[in-house]
Amino acid sequence: MVRGRMAAVMCGALLLGLALLLALTLNCSRAKDVVAAARTPVRFFSPQVPVVDLFLGQQDQAERLREGADVCVLVYYAPWCAHSIRAREQVQQVALRMADQVQFIAVNCWWNQGKCRKQKNFFRYPVIHLFYRRFGPIEYKGPLVAEYLESFIRRVSTPLTYLPTHTALNTFISHHEQGVVGFFEFNSSPQPPGYITFLTSALHALRRDSQGAVRFGVVTNQEVAEGISVREDESVYLHRRFNTSLVFSRAGRNFTAEEICNWVYENRESVVHWIQPKGAKSYSLEAELHKGPALLTFLPHNPLTASHHLLSEVADIALRYHSCCVSELQTEGGVSAPHSGSPLPGPRCCQSLLLPSWRFESANASANTSICELCVNRFAPGSTSRPTLPRSHCSVMELEAVLDSYLRNAVVPAPPTCTNVQNTYSPFSHYSACCRTFPADARTPAWAGPHCLPVVDAVSGLRCRTNKTLRFYLLDSHLSWPLAERLGALSNRSTDTFTTIVNLRDETHYVLENARKDSLERFILNFSAPYSPLHRHLVGHRELHPPKSLIQEVTTGSFMDTVMDPERDVLLFYYTGWCGFCTVLNHVLLQLARLFQGNSALTVARVNVGLNDLPWEFMVDHLPSFLFFPKHRKQMSVKFPDSSPVTVPNLLRFILRHTGHAPGIQGAGPKSLLEAELRALQGEVLSLQQARERLSQQLAALWRENRRLALHMRALTSHNAELQSHNAELQAQSGRLETLYREKSRQLADAVNRLQELANASEELLTENSLLKVLLTVLKERERESEGEQSDGGRKKGTEEAS
């Protein structure tokens, strides 16, 4: 019994498994039949453009074409990708201009049967690779714009700039971008081995930075190379403005392309940075803003044409801003030497400081500028110890010690005063200080005294005199103008310029309307001042014609005029569009506004803080929030308690408690408050009753209209029934007529057939009649012939008989 049951169970399980396997097989086979095969791709680039379009993904053919070209641009695309479609037009423009110099190849890397899809694993499209002979790939990561792409291709085609003269060399190293110069003599050999290494290092730099922030030049003349103190062949010189320029040392590093590139990027100086977004989501700007305050300059830029005049002005200001070496003389050994005529022995450091106006009590201190020239001895006179490393500027501790000691004993502003004092309570043996107050528009004060040194301008070396160090950035307004508009640009044209300082740590930014060289310098000086006179720029929602309603909508521009009106009490409601709790309270605010409708002493307003920036002193810590600003006492604004429910009575009590009168309500006690609420409710009930009467009248009219429509509907229904019966009769009559028509048509067809048969018979009879006529004629002729013959025979017989 048990064995029989187990056998039955096993057989059932086996049958069930076979049935399941059969079902899966059928489903899979059906799914294969449903999925359609991919269509064969077609050409992506225009055939009139000199671009080899390998739309079937022939990667091997692309490699063969690339090996035969000196410079090759390889574009991997996907036909469905919007970025690829947008970049196609840009690549075609560049190909039409550079077809005689560069080989352009495009490969469809999305076709699943092509070798490119099988060999490459791209996570985005398009991907643009450049090859310089056997070196590559160099991926282009800049904007997909024809001018930028062409500029990068030309940089790859000519990675080195030839510098044949002193003028060309000076122009090259005086550019605001970092310059690297290689000296190679081509007299001994047609191509020195180090030259190929230097050229490859320039290509490595382009691979690392597609913007080309570091430029590479080559000098082949010994006299030109001596202009940068380079005398040895195969030397690589890195020009620096703020620190000592360097020459690549072969003793500590291998002379390879990678090592030269790494050495350049480890020791380079960069004062102006280009930020080039690719048109997609990018964290490049955010990463730079996290480094500290940033000066962003938006200007129209075309890398193939002459640069904008504002670019040279920003670069000049940035160079002077970072130049911290002032009033310091260097000896042969690199140790600071005393200034001529200075009684301070030993090495020292000197620094020019711009003093804040609050240190002085003069009436016109705000219109003048005070500058002190401070010099500090490094060590005590007579000491044999020397500093291990020379320093180009004083530390903050040294400057504060000297300045505090000087200001305690001097009166400023005054005629130029200088001191040379030995201070035993200071860690420095000697210090000298010269201070002078001069008008704000004067660029170079007339210093008096033997130890006072002239100041070139206020921007020079400002980076070392302030704790709010700026970083300078440039953005192409053609690519980044929407960002400029969000930061406060008033114009909507991408050909304009815009300058702003963004301090991400303080969540503030400042806007400069008209960027010129002098205004830009004042803008930087005002930001760097200890008590900056700049005002934080507030980005607000622009509303040209605000709608009139019970609740007044406040924006950034109308905040001060509406809320800070000294003649009106203002209840301000803070909300945002994404706050669900704020939406729930709208009906409460609306009911409150109805109570004070038509009252000129109180304004019920709201502000969307998600779209409108407000000064810090008027912001709240959470949403939703209510703030009450009483008239004549705006500084005594009060916040609605978070613990109280937001209801109309609570808001009324809150307003009456903190205002000097009850606007629109007689009395300020609880009884008058309840009476006011009762009157308001009675008014609402009366309005509801009137609305109910109007609604009843409208409903009666609608009922009568509905009754009339129902009667009309009945009439239409009966008429429709009659029409339907008439239609049925017509259809029956039409059926009979159709039957009769078919019968008559059949009879007519039979008659036609009979006539056709008669016609055929008549034709046959006519044919037989014709034959009979012919036979009859023949018989008659034969009879005549026989009769003639008989007559002739009779005549012959008669003649014979007669003869």
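Biologist: In strand 8, which residue is the bridge partner of V181?

Modeller: The model is predicted. Strand 7 (residues 178-183) and strand 8 (residues 214-219) run parallel and are joined by six bridges. V181 belongs to the set G179, V181 and F183, which point one way from strand 7. Its bridge partner in strand 8 is G217.

Biologist: In strand 9, which residue is the bridge partner of F183?

Modeller: F183 has a bridge partner in strand 8, namely V219. Strand 7 also pairs with strand 9 (residues 235-239), in the antiparallel sense and over five bridges. In strand 9, the bridge partner of F183 is S235.

Biologist: What is the order of the strands in the open sheet of five strands?

Modeller: The pairing within this sheet is mixed: strand 7 runs parallel to strand 8, whereas strand 7 and strand 9 pair in the antiparallel sense. Strand 6 (160-162) and strand 10 (246-247) are the edge strands, each pairing on one side only. The order is 6-8-7-9-10.

Biologist: How many residues of strand 7 are buried?

Modeller: Q178, V180 and G182 point one way from strand 7, and G179, V181 and F183 point the other way. Residues on both sides are buried. The number of buried residues in strand 7 is therefore six of six, burial being under 20% relative accessible area.

Biologist: Which residues touch the most other members of the largest nonpolar core?

Modeller: This core holds 49 residues, and helix 7 (residues 193-208) gives the largest share, seven residues. A second, separate core of 26 residues includes V271, L470, L512 and F523. Leaving aside neighbours within four places in sequence, I153 is in contact with V73, V94, M98, V102, F104 and L130. The residues of the largest core that touch the most other members are F104, L130 and I153.

Biologist: Is L15 buried or exposed?

Modeller: L15 lies in helix 1 (residues 2-34). Together with L14 and L18, L15 makes a nonpolar surface patch of about 320 Å². Because its relative accessibility is 57%, and the cut-off is over 50%, L15 counts as exposed.

Biologist: Among contacts in the chain between residues at least 6 apart in sequence, what percentage join residues at least 24 apart?

Modeller: The chain contains 19 helices and 26 strands. Of its 803 residues, 38% count as buried. The chain exposes about 47700 Å², of which carbon and sulfur atoms supply 55%. Among contacts between residues at least 6 apart in sequence, the share joining residues at least 24 apart is 70%.

Note on methods:
Residues numbered from 1 in each chain as written. Predicted model: local features only at pLDDT ≥ 70, side-chain atom pairs only at ≥ 80, totals over all residues. Heavy atoms only, no water. Patch = residues over 30% accessible without salt bridge, like charges linked within 9 Å, V, L, I, M, F, W, Y side chains within 5 Å. Areas by Shrake-Rupley, 256 points an atom, 1.4 Å probe, with all protein chains shown as cover. Salt bridge = Lys/Arg side-chain N within 4 Å of Asp/Glu carboxyl O. Helix = DSSP H or I, 4+ residues; strand = E, 2+ residues; numbered from the N terminus. Buried < 20%, exposed > 50% of the residue type's maximum accessible area, 1.4 Å probe, protein only. Contact = heavy atoms within 4.5 Å. Pairing = 2+ DSSP bridges. Core = buried A, V, L, I, M, F, W, Y, C linked by side-chain atoms within 4.5 Å.
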